Every structure is written in C-alpha cells, then in structure tokens.
Amino acid sequence: MELREQEVAATMFRYAFKRVARSYRLFIALTIGVLLATTFFASTNVAADVLSKDALDASIEGYLYDFSVESELSNWTVSDMETLETDLVNLTGIIASTHSSQFTFEFNNSGLNMTLAGLEMSSDLTTGLQLISGKSTLGPNETYIVSGSANESLFALDQIVEMEIVVLRGFNPPTIIQRNLTVVGYVYLPDDTRDSILQSTSGSFFDLLSGGDLSALGLIGQRSYNLMISDWELTVQSILEEASEVSLHNKIAVRNLIHLQIDRPRYLDPYDIGASLTRLDQIKTSISSRSSQYDATVISNLEFTLTLYQFMQLGMNLQFVSLSLPIFLLAYFTGTMVSDVGYNFRRREIGLLLTKGYQNHTIKRMFLVEGALVGGIAGAASIFLGTAAAYYVLGITEVNFLTAVISNIVAIILSIIVGMFLGLFSVWRPAGRASKLEVLDALKQYIYVEDVSEYKRLLPTVSLILGSYKIIVWLLGIDIGGLFGSINFGNFAIALLIVAWLMVDGILNTLGPLLFLYGATRVFMKGSLRFQEAVVSAGRRFFGAFGNLATRNVKRNPARTAALVFIISLIVSYGIFATGSLYSQADYIERNARYDVGADVRLQLNAGANMTEMLESVLDYNGVEDATPVYYLDLRVGNTQIETRGIRPSEWTDIGYWEPEWFIGDITEMLDNLGDDGIIISRDVAKRLELDVGDTIYVDGPFGSGTYGLTIVGLIGYLTVIEVAFAGVTFSTGGDYISIVSEDFLNDSMLIHTSTANVLIDTASNVNGTILQEQLLQDFDEVYRTFSVTSEIADYQSSPLRSGSTKIQWLAISFAIILAMVGTGLVVYLTLREKDVEIALLSVRGFSKWQMFKTLLAEVMVTILFALILGVFVGYVENLGQVSQLNTNATGLIRYEVTLGGAAFYTNLILVGVILLAAIIPVWLSSRRPESKVDILRA
C-alpha cells in the first residue's frame, strides 16, 4: 500500500512538471502575478538589509569612540594613564585610543560652573574643530571657549580665567592647585564631537535624547554646556604631575578618561544585533579586567544604542511588510481569478484524468503542485529582479550585482518559499472547485465552475456593513478611540463592549477598505447593471447598438464581473492610497520645515544686535525679497509659561509662514486688533486658564517690573469635527500651540530684552536657501545661527531610515502601476479567452473587426469604469482615514493633510490611464483575428 502511494505521488509530480513545461503559456498569467508580488517582497527585503546597515552606521557614527574607561575624582598619575592606555590598545579588536581630562570649576565666584577639557589635539576628539576667532594653535595654559556655551558671552579674548583644582588628602586639609588660563580664541565643535568629549556616564535613554546622539535616527535633543578646551600635554599634564607630588594625596578633582575605538566591521553585524551585543560585552569584559586595578569604570557607548536600534529595526521591517501586504493581496486575488479561468480551459483534461481512474483529491494535489512549482520559479527569479529594483531605488551603483544576490542566501530561500506559498494559495480554492467536476460536466464544451457557497449573502453583507462603517467614520473624521475614551459610562459590561469594539475598529483600519470593496462588488453588482446601461446609453454614439449586446453579456455572468470589478477597484484604491500617503508625507515634511524656520530663511541674532541695521543689510542681498523681525520668548502667567512669538502684524502675514486653519476666526481681524496690548493666545492655554476672547490676561514683565495686561483678541489652535458640529461640546487633546503678540508690546514692556531676536527672510523662488544662510552667517558677526527650509528638508532626507522608507514607498507606487497594468491586462485577456466561442459566432454572423472591437470594448469598459469609480472613491477615503489617524494624537500646529493635487494627481492619472490602456489592448488583440477562433466551432 505504501509503495502504491509512493508511485502515485511520483506520477503526480512528474505530471505536474510535464504539464508546466509543455503548457507554459497557460501558466504565464499566474507566474506574472506571483512574480510581481515576490519581486516587490524581495526588493523590500533587500532594501531593509541595505537600510539596516546604513541606519546602523548612522546611529553609531555620532560616537567617535566606542568604549571609555573613566576615573572620577581620579588619582591617576601620568604614568598610570600611559600604562593603562598601552595595555588596553593591545587588546584584540581595539584599533585606536586617546586620553582626556576634565576639570569642573566655579568661574570667578559667580556660581557658574565651567568645564575645562584637556585633549590630545591630534586625536579624533578634535574632529570638526573650527576656529572662529583668535589664535590657530594652543600654547601652555591657553584655552579656547567653545561656541554655544551657555555663558560664552562672559568671556573675551586675552581674558585671564582663574581655575582651582582641589587635591584631597584623606582626613588632612585639601591642597589647592591654581592655574591662570588665557582665553586665546573661540572655536566651533560639532555636536557629535562635543558629546564625545563630555562623555555621558550612564548611557541612559535620557542622556541619548538630551545629547542628540540619536539625531540620525530622528531623536533630536540639545544639552546645555559650558566648555573650554586646552592642550592636554601643554596644560593638563603639568597639573596632574603637580598633583601627584602632593604628599598623602588620594583623590584629585579631575575626571580622567581613556577613549577606545574598536574594529566596527569585525564586531558589528547589522543583521544580527544580538550577536553584536554579545561581542561588545566580551570586549567590555576584557577592558574591565585590565582597568579594575586602576579603580576605573568601563562605559560602552554603543550598547544602549544597539539595543534601541533593534526595536527601530523591527519597526522598519514591519513598515516594509505592511507595504508588501497589499501587493500580496492583489497578487492573490488576481492569481485566484486567473486560476479559475485556467481550470475552465482544462475541463477536458480533468475529464480524461477522471476517466482514467484518478481520484478528485489526486487531481487537486496535482494542481497544487503546479501552483507551488510556478510560485517557486517566480520566487527564484524575483530575487534577481527585487535586488536590482532595490539597488536602483536606493541609488546604489557601485556593487557587484551577482555577488550581492548570491551572498544573500537567506533572501533567496525566503523569496522561493514566499513564491511557493503564494502560488499554492492562489490555486487552492480554484483547484478544489475544479477537482469536484463530474466527468460529464468536465467533457462539455463550456461550463462555469463555481462554488455556490462562496456567493452566499451573509459574508458579503457583513463585509459591506463593517467596511461601510469604517468608510463613514473616515469621511466624518471621527476619532473613535478618543470619542469613547472621553465618555464615562460607569457600567462594566458596557465598558467591556466598548473595549471590544475599539479592538474591532483598530482591525478595520487595515481591513475596512478590503471588506467594503468585497461586500460592495458582491452585493451591488446586480444593481450596478443600471450603471452599466447608463454608461452604454451615454456612450451610444460610440458603442451604438453593440452596447446593448455587451450589457446582456455582462448580465449572464455577474459573479465573474464582480470578481473583475473587485480586483481592479482594489488595484486602483491601493494606488490612490499609496500615492496620497507619499505626497501627504512629503507635504507634511515641507510644511513642518517651513513652520520650524518661520519663512524661507531665518537668522537668529546675538543679544544686543541692532534689528534695524540687520533688516537693512539683509535686504541688500540678491534674491532677498523682504524681511521682518520675529521674537521668540516665553511669557509667564503665574506658574504657567506661554510659548510666544512677537511679530510686526503688518509684515508677518506677507513674509512669515502661517496657515489659515491655525486660527479660530478671521486672522485679518485678529491682527488688526493686536495693537500694543493684544494677544492671540493658544487655545490650549486659554482652556487651562479658563479664558476666552475679550478677556484680559496679565503676564509678568522682565526683571521684576510688574505685570502687563493683554486683551485676548483671538485663539490659535484646532477644533475637532465634533466641536465644529456641536457648539459648546469640548472634545480634543491638548495642543502645543504658540501665542502671538506684537513687537510694540515687547518694546513697551521691555520684554524685547529677554527675547531671542530673529529675522525672517522671504526669498525668490530660484534662491537656494542653504547657500544664502551660510553666506549670511559668514558675513554678519551679529548672527548666531541660521536656518532654511532647504536645509531642514535635506537634514530629514539625509537619514537612511526616513529617506529609505520614502524611497520604498515610491517603489510601492511603481509596483502598483505595474500591477495595475499587468493585472488588468491578464484578467481582461483571460476573460476574453473564455469568450472565444462567442467571438467566433459573431465573426460568422458578419461582424467586422471594428464592430467586434466596439462590442467587446463596451462589455469591458462598463465594468472597468465602475471599478475605477469605486477604487478612486475608496482610495480617497483611505487617505482621509490615514490623515485622521496621524492627526489623532497630534498636538502641534502642523497637521497632515490629504494631498492629491499637483504631482499626486498626475501620478494617479497615470495609474488610471494604465488601467484603461491595459483593458483596451487585449480587446484590440481579440478583435483583430476573429477568424482564428472559427476552428473552435468545429471542435
């Protein structure tokens, strides 16, 4: 019995391979559908690997050194430091080292602490150091002030700074070592270099955020500092030598550090962070064994970053998988329909196999083997196409393509497995239905194989109800979670039901559009015949009487028509959604950059800069069309701080960046009423302080000068849909909104002296803001920092994670267009292949090629047009839903918006045009040679 089963299995596999080889044309349609999906999957998989390496490099490039050996209140001598550093640099994996020392002292008994860092001036700790003013080299007991220090304005060139170093002597009185340091210059240090010098001790998440060490990953922060730099050999070494000569000394008020670099390519694997962390821990253990005798602590700079990166890598992979899922669904539904048609062509083959004694389950397994075989072939080919697509989209050119494919064995195996499963699933249900054919039915010329249970009303009706619910919620812009969360029901059973419904609502955020399309095409296709007749009637001049014949043909097979509409509408909705999502993200990035900058370019001025002279000077530059001042400050009302901008109302709206949606009311009227005693206040602040338009708010003046009354002339912030619809209802999260006052008020109250003065610059459209800001920073000593929209956007795009994700979204849109063309063409072509007999009969009855074309086109177009309308509608609503979700917890003034105009419109137009073209070409080909189908009538 077992031998018999083995023979059957061998025969089944041989037949499947033979069938695929001999009848390859029949499997091309299925192969193409699976190939598209697996190629996109392979490309996202390869892109994820490439971006993982780039993202890992970006996340750790801010660390100049990977380990630090620290001794706080150190008693190291110069000899100790040299000996320990030599021992450590000889460890396996350590490729470079340097040492530094830090002294923290009180400046001139002012209560301000300064940090003097002694560095080896040839080490990587001086990477990016730029001299702003003063001497180009440091001598003994000379120091630089690092620009950006909180109290750098207290220092001047050639100033003498007195520094005291405490040497502890156990229970004996400490000894004080004094040094007079001469300020010989101001220098600029990049954030990464400065953070490496200051060297966080704990490596905590807070330190990473405040230090800006993860800026490449999008976590940007800024840490306040007061930093001076001296040459270690010329200044610090003598201090340590003098301290070591103090009798009975046991501690020195110094922080000594030895910084170590490892061979990163050898120890860090972007595809296996766990193993990388293990290797780092082994190095740390070796370092600790050498340094423990020196009472030192080992700091691993990369450990926490890599741990955090693991979670970010998981999020990136999930994002790419979410991009692939719609492509897989489209390929699955297309493959299922293609398989249905293909098995209809193989009815006689099935009948002959049945007459030879094959069992139904054996025939089904043969079909499944064929599907898995086709999927495996497509998966193997997809790794080559996917790798090429990923490298092309990511802009990687200098790579050996064949080596890249062969070296990625995991991706090859994964692509083949995914292709096999997709091919298997695509034929599963059609194979099951085809295998259930009776012998007599299988030998008939034509019979439509359909599982009646699939088209029962319950599943489509439930799908339509759930999908319609989600569509309506998105159209109204309702946040279901926030709505129910703001209501106290006081009943456990009801609260439990609400929680369950919120879970269902969360699932519908992903499945809602699919359920709606499935339900709508199944439930309303009969009703859509009226739409078809209306389209044919409207286009009667083109279709003529042939349109009536086409409509009758559609009525004969509503289930197949519903499947065609479902697939095409799904393709269209995905394309519209993907395009809108990408352009909405791009729009959000640009608007957010404009909001942060305030205009095209912004100059942040040093304290005491003459604003009038700066405005006059800036206007002389080519490309500068206008300029206006803006002041950044925090107004204080009791213990409440209000983030505020001071503006010139008559100029700000023409130069500064703003959006009408920010203001609750007429902005022109608000600015007219601003005067020297008005305020446009944050809606969130007004709610917390229980204030409204017309009320007076009293803010603290500078230097204890009392309070100043401001009349609220308007509110800035957002109202939810519910608040707009139902006046008096409060339903919103807190908002991080700015408030606005006039420059006149700041002058009258003297608050202008505690404000940060800025110049907003409006430039011509052809001006490169980055070049202009660099030029202005170089030309004016009064300018502290500069900002531009072009630089902000470039900084965003420079992140491998963010720019890579955007590029993959572009790849998704490209595949949506390709899938639209191929999927529509395949489905229409195979649908027309089933009509070969009808086409032959029409040809025999005297239909010309042009008449045949119009008849077939009318039949196809009424279906395609309905699918296009349905897909465009659902895709647009999906964009509304996504924007609503993204804005649910948003607290800033910049919110996501649906962006389907301009370039997005033309992209979608290409998608629609591709679908129409893909539908017309098969019709044209089928109508060109009707005589070739006459032989079918003789069979």
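Trainee: What should I know before reading the residue numbers and values?

Mentor: Residues are numbered from 1 along each chain as its sequence is written, and side-chain values use heavy atoms, with hydrogens and water left out. The model is predicted, so local features need pLDDT of at least 70 and side-chain atom pairs count only at pLDDT 80 or more, while totals for chains, interfaces and linings use all residues.

Trainee: How many residues does helix α15 have, and what does it reach from its first C-alpha to its last?

Mentor: Helices are DSSP runs of H or I with at least four residues, strands are runs of E with at least two, and both are numbered from the N terminus. The expected span of a helix is 1.5 Å times one less than its number of residues. Helix α15 (residues 458-476) has 19 residues and reaches 27 Å, close to the 27 Å expected. Just after α15, Gly477 takes a positive phi of about 70°.

Trainee: Which residues are buried in α15?

Mentor: Buried means under 20% relative accessible area, exposed means over 50%, and partly exposed lies in between, with a 1.4 Å probe and protein chains only. In α15 the buried residues are Pro460, Ser463, Leu464, Gly467, Tyr469, Lys470, Ile471, Val473 and Trp474. Helix α4 (residues 191-198) is mostly covered, with 6 of its 8 residues buried. After α4 comes Gln199, whose phi is positive, near 50°.

Trainee: How many aromatic pairs does a search of the whole structure find?

Mentor: Rings of Phe, Tyr and Trp (its six-membered ring) pair if their centres lie within 6.5 Å; planes under 30 degrees apart count as stacked, over 60 as edge-to-face and the rest as tilted. The search finds 12 aromatic pairs. The rings of Tyr588 and Tyr896 are stacked, because their centres are 4.0 Å apart and their planes are at 5°. Tyr588 lies in helix α21 (residues 558-597) and Tyr896 in the loop between α32 (849-886) and α33 (903-928), so the pair ties together parts 308 residues apart in sequence. Tyr896 is buried, with a relative accessible area of 16%. The pair of Tyr621 and Phe780 is tilted, because the ring centres are 6.0 Å apart and the planes are at 50°. Both Tyr621 and Phe780 are buried.

Trainee: Where does the charged end of Arg602 sit?

Mentor: A charge sits over a ring if NZ of Lys or CZ of Arg is within 6 Å of the ring centre and within 35 degrees of the ring normal. The charged end of Arg602 is over the ring of Phe787, 4.1 Å from its centre. Arg645 lies over the face of Tyr632, at 3.8 Å from the ring centre.
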